[in-house]
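Here is a friendly walk through a structure, from one residue out to the chains and their interfaces. Keep the viewer open as you read.

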Amino acid sequence: MKKIAISKLNDLFSAISKEKVLYIPADDGANQARFTPWQEGLTLTDKLNTVRSAKDLFFPQVENLVNFKNSGKAIQIIENRTEPQPFVLFGVRACDCRSFDILDRVFLSDPVDTFYKTRREQGVVITLACNRPTETCFCGVFGIDGADPQGDVTCWMDEAALYWRANTEKGEALTAALPMLTDCAEEAIDPIAAKIRSILSKLPLNDLDLTGFNRDRMMELFNSPQWEDLSQSCLGCGTCTFVCPTCQCYDVQDFDDGQQVRRFRCWDSCMFSDFTMMAHGTNRPTQKERFRQRFMHKLSYFPNNNDGIFGCVGCGRCLQKCPIHMHIVKVAKALKEDLK
Amino acid sequence: MQERLKQKALELLENGTADRILGWKIGEFFYDLTPAVFKTRQEIQEEFVYSPFAGANLSKYLIAESRKGGKVAVFLKPCDSYSFTQLLKEHRIWRENVYVVGVQCGGMCDMEKLRAKGCEGVLSVGEDGENIVVETLYGTNVFPRAELLEDRCITCKSKKVVTFDELIGEQGTELESDRFSQVAQLEAMTSQERFAFWQKELSRCIRCNACRNVCPACSCEKCVFDNPGSGVRNKAAADSFEESLFHIIRAFHVTGRCTDCGECSRVCPQNIPLHLLNRKMIKDMNELYGTYQAGADPDTKPPLTDFTLDDEEPSIVHTRGGQ
Amino acid sequence: MKHDPLIPMLGVVTAIRTDTPDVKTFRVTGADGQKPFIHIPGQCAMLSIPGVGEALFSITSSPTEETYLDFSIKKCGCVTAWLHQMEVGQQITIRGPYGNGFPVDTELTGKDLLFIAGGIGLAPLHAVINYCRHYRDRYGKIDIVYGSRSKQDLVDFPEITEQWCKESGINVHLTIDNPQPDWDGHVGFVPNYVKELNFDTAKTVLMCGPPIMIKFTLAGLMELGFSREQIYTTMELRMKCALGKCGRCNIGDKYVCKDGPVFRFDQLDELPDEY
């Protein structure tokens with residue numbers, strides 16, 4: 001265990017950013033936080049979490065895959081990808097850190113997505129325990145501990161100091177390069193963790209119960225009469241999808257810039273009406289089917305294929321941001337009623 | 001107020017005026033209300049809510065609801081009633097299938113503002129005169145209600161319910177509002193400053209389409225941005241100009257029909273002040289063609305679909321070309 | 001630099017055959033003139049024209065063809081319209097093969113096979129039929145029921161009449177929807193014809209065609225006494241990555257591009273009816 005005085009945080013950030021690009025959650029001037037490349041003067045946000053999740057750093061909203069040049073009958077394939085530079089992601093919350101495990105299961109399974117993989121290899125994840133969990137937090141439902149998050153390095157903060165524990169080889173290597181971190185006793189974080197746990201134990205959504213969302217209940221969940229009511233006000237926008245740390249569906253499109261054709265990948269949402277549109281129609285013609293797909297994927301399909309791990313980490317972003325507040329907690333509770 | 005609305009909903013259902021009620025449904029917390037159709041007495045008694053967090057404008061749902069047969073009763077706040085009336089004017093809502101109950105509104109509260117005050121872990125709210133009392137995991141906070149009002153409510157343009165079958169509470173009047181002052185501030189900027197302002201704001205756009213999908217004026221069966229043949233890329237910033245174009249095209253398309261209900265800014269997950277684009281268009285229209293408020297009545301023609309020989313012919317090419 | 005599975009390779013269209021008014025068959029090799037990759041019958045490949053789009057097509061040729069891949073493609077959307085107007089020598093991009101394919105070397109060996117196809121649905125089955133013809137002694141009797149709207153809409157008509165129909169151990173049953181002057185064969189819809197032919201239930205069925213044909217033919221086969229475990233079909237949904245990641249072709253806990261496109265009906269019964 002290491003530590004550094006809060007007053008010296010700037011030195012720490014400065015030292016890290018000498019070697020690698022450092023992202024920290026900082027206020028963006030619009031009453032919200034986002035991961036921002038650190039530069040002199042940038043300070044940590046007071047906000048609990050960023051509006052856009054940390055997945056952006058590994059799976060950006062838009063990225064170029066390859067370019068083409070068409071001339072007559074000939075096509076030239078121009079592989080112009082730029083390899084990501086090493087970077088450090090500081091201040092990731094426990095929920096977002098778990099989301100990387102979920103994204104890994106998609107992108108690192110065969111065939112491996114090399115764009116994602118190289119970013120994962122280049123990124124060092126430093127998590128930060130959640131001093132002030134909020135009412136929309138329910139990471140505990142998924143066995144995530146906001147008082148002791150995972151990551152290459154785990155950090156805790158109190159008024160006086162930042163405590164630092166390297167968990168992986170990557171984390172150790174980074175720690176070794178930061179002499180301003182001084183040794184301290186393991187117990188130093190105990191009072192912080194205890195305080196966090198006492199708040200976590202009082203969170204109003206702790207009662208969310210997902211037992212019974214098993215493979216053998218998949219069709220029962222799919223056919224639940226609840227979907228009609230749950231989806232009736234859904235606007236069909238992509239807010240929930242785009243703020244979600246685990247949503248990873250994407251589209252591949254071509255853009256002709258006049259010189260070359262750029263083939264890019266961008267986030268997509270199963271909530272959008274054109275998501276499954278084919279020349280002869282769509283297999284999910286109404287918002288009910290599209291809405292159901294999103295929640296079935298998180299609560300049933302994904303866990304069925306991934307050792308029971310749900311495709312949700314309880315970060316609460318969709319609870320705060322859905323324009324009509326129809327979020328995964330409401331959906332899961334309504335479905336659970338049906339399973340009884 | 002909530003009790004009066006509930007009683008009214010029950011009464012309308014029971015006396016056969018409506019066979020279903022469009023209102024706001026209780027959530028996990030006091031603030032996460034969802035628009036919902038209530039069909040039974042029990043649903044209304046247990047789940048119907050009207051509170052300072054019932055910000056959602058229900059009028060757009062009536063495009064679909066009014067076509068479903070039977071009669072739907074709906075609660076409309078003053079600003080919602082402008083959207084409703086505008087949709088009537090555009091023949092998008094089947095009026096005969098809707099029973100409108102107008103409700104007065106003291107301004108809606110904004111959870112974002114509560115959170116901006118450092119209020120996290122909120123569990124409940126109570127009203128104490130003009131104060132809002134917030135219980136949180138970390139203690140009790142008291143704020144003047146005015147400090148928690150949504151921006152659109154601070155510059156409320158009207159407390160008048162334009163179209164209704166009955167009213168709960170007093171009919172209100174149009175208000176003197178300084179809602180164009182922020183637009184005037186933008187106009188006072190140099191074009192570079194203004195460009196920088198919008199560049200910064202729109203750079204946060206994540207193309208979720210929430211602004212479009214919630215907008216009562218965006219009622220096209222198929223949006224041009226969803227048409228793969230249109231040449232625009234609806235999901236991605238293929239070039240850095242895309243997000244700005246999306247919002248500017250949308251602002252143009254709703255000009256003369258936008259009632260300034262403010263839903264676009266309310267739902268934006270990235271807190272982009274989208275309503276300012278629409279207000280700029282409204283302000284320009286007012287200055288060019290005389291004051292006009294979309295949705296203020298069911299009959300008048302919006303300036304852009306009307307024609308007189310004296311019409312202004314504003315031309316950026318003309319004025320900026322220095323001719 | 002790592003090569004990502006989303007990055008295609010170059011292909012060249014070396015021959016184009018017009019099969020029907022709206023179906024053409026494209027012969028594709030790599031830029032080096034070699035076959036781009038080795039596939040299993042029923043597998044698919046992503047073809048694209050940069051700037052127009054990328055789409056998944058089933059490979060029509062048998063893996064036993066050593067120098068090329070064939071794709072029989074019906075004109076129905078953006079990408080297919082572009083493919084239909086191109087000329088020999090055109091370069092395209094190709095990546096694959098994708099999907100599971102039919103179990104030609106396991107579950108199907110030694111079986112009597114009944115192929116049922118409607119319209120362009122013959123495309124994926126064509127690869128299996130020619131594979132079975134190549135390794136004829138590995139399979140039992142082969143019956144092929146193939147129907148289309150008209151004689152002109154039968155894909156691969158010359159190959160069917162001049163080769164398949166003339167081989168012993170293969171019975172071809174062609175049908176068209178409506179009578180026409182130069183047709184002396186069967187007239188009527190595929191589902192009814194299958195029932196009329198009254199096949200014995202010892203056969204394993206491979207079926208592909210429009211959803212409405214699948215629905216009624218399946219019902220007919222059930223009436224004849226077939227079980228759902230005996231019947232295979234191949235599915236088509238919108239796909240972008242074909243790697244089981246982009247989420248588009250997700251049905252229940254399966255991805256059609258990766259876990260399919262070939263499914264037995266008893267497997268489909270366990271999935272949501274969303275296709």
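Leaving aside its neighbours within four places in sequence, which residues is A:Lys288 in contact with? They are A:Trp227, A:Glu228 and A:Ser231. Please keep in mind throughout that this is a predicted model.

**Around A:Lys288**

A:Lys288 belongs to helix α9 of chain A. Is the residue buried, exposed or partly exposed? A:Lys288 counts as partly exposed, because it has 16 C-beta neighbours inside 10 Å, while a buried residue would need 20 or more.

**Chain A and its two domains**

Chain A contains 11 helices and 12 strands. The chain is divided into two parts: domain 1 takes in 2-59 + 82-206, and domain 2 takes in 215-251 + 268-339.

**Chains A and C side by side**

The table sets out some overall values for these two chains.

| Chain | Buried residues | C-alpha span along principal axes |
|---|---|---|
| Chain A | 49% of 340 residues | about 65 × 65 × 40 Å |
| Chain C | 55% of 275 residues | about 55 × 45 × 35 Å |

Chain C has six helices and 15 strands. Its radius of gyration is 18 Å, close to the 19 Å that the globule rule gives for 275 residues, so chain C is as compact as a globular protein of that length. In chain C, residues 24 or more positions apart account for 71% of the contacts with a separation of 6 or more.

**How the chains meet**

Two pairs of chains are in contact, and chains A and B share the most contacts. Here 37 residues of chain B are in contact with 42 residues of chain A. On the chain B side, β2 (34-38), α5 (111-116), β5 (122-128) and α10 (210-214) each give two or more residues. Which of the elements gives the most to this side of chain B? It is β2(B), with four residues. By class, the side of chain B that touches chain A divides into 21 nonpolar, eight polar and eight charged residues.

Chain A also touches chain C, with 42 residues of chain A in contact with 32 residues of chain C. Several elements of chain A each supply at least two residues to this side, among them β4 (62-71), β5 (74-78), α2 (94-107), α3 (114-122) and α9 (287-305). The residues of the side of chain A that touches chain C are 23 nonpolar, nine polar and 10 charged.

That leaves the pair of chains B and C. No contact joins chain B and chain C, and their closest C-alpha atoms lie 9 Å apart.

**A helix in chain B**

Helix α13 of chain B covers residues 275-289, which is 15 residues. From its first C-alpha to its last, the helix reaches 21 Å, close to the 21 Å expected at 1.5 Å a residue. Which residues of α13(B) are buried? They are B:His275, B:Leu276, B:Leu277, B:Asn278, B:Arg279, B:Met281, B:Ile282 and B:Met285. Just after α13(B) comes B:Gly290, with a positive phi of about 90°.

**The nonpolar core**

The largest nonpolar core has 252 residues. Which of them touch the most other members? They are A:Leu89, B:Val74 and C:Phe115. Leaving aside its neighbours within four places in sequence, C:Phe115 is in contact with C:Leu125, C:Ile129, C:Ile144, C:Val145 and C:Leu206.

Key:
Residues numbered from 1 in each chain as written. Chains lettered and ligands numbered in written order. Predicted model: local features only at pLDDT ≥ 70, side-chain atom pairs only at ≥ 80, totals over all residues. Contact = placed C-beta atoms within 7 Å. Nonpolar A, V, L, I, M, F, W, Y, C, P; charged D, E, K, R; others polar. Buried ≥ 20, exposed ≤ 12 C-beta atoms within 10 Å, placed from the backbone. Domains from an automatic or database assignment. Core = buried A, V, L, I, M, F, W, Y, C linked by C-beta atoms within 7 Å. Expected span 1.5 Å × (residues − 1). Rg over C-alpha atoms; globule rule 2.2 N^0.38 Å.
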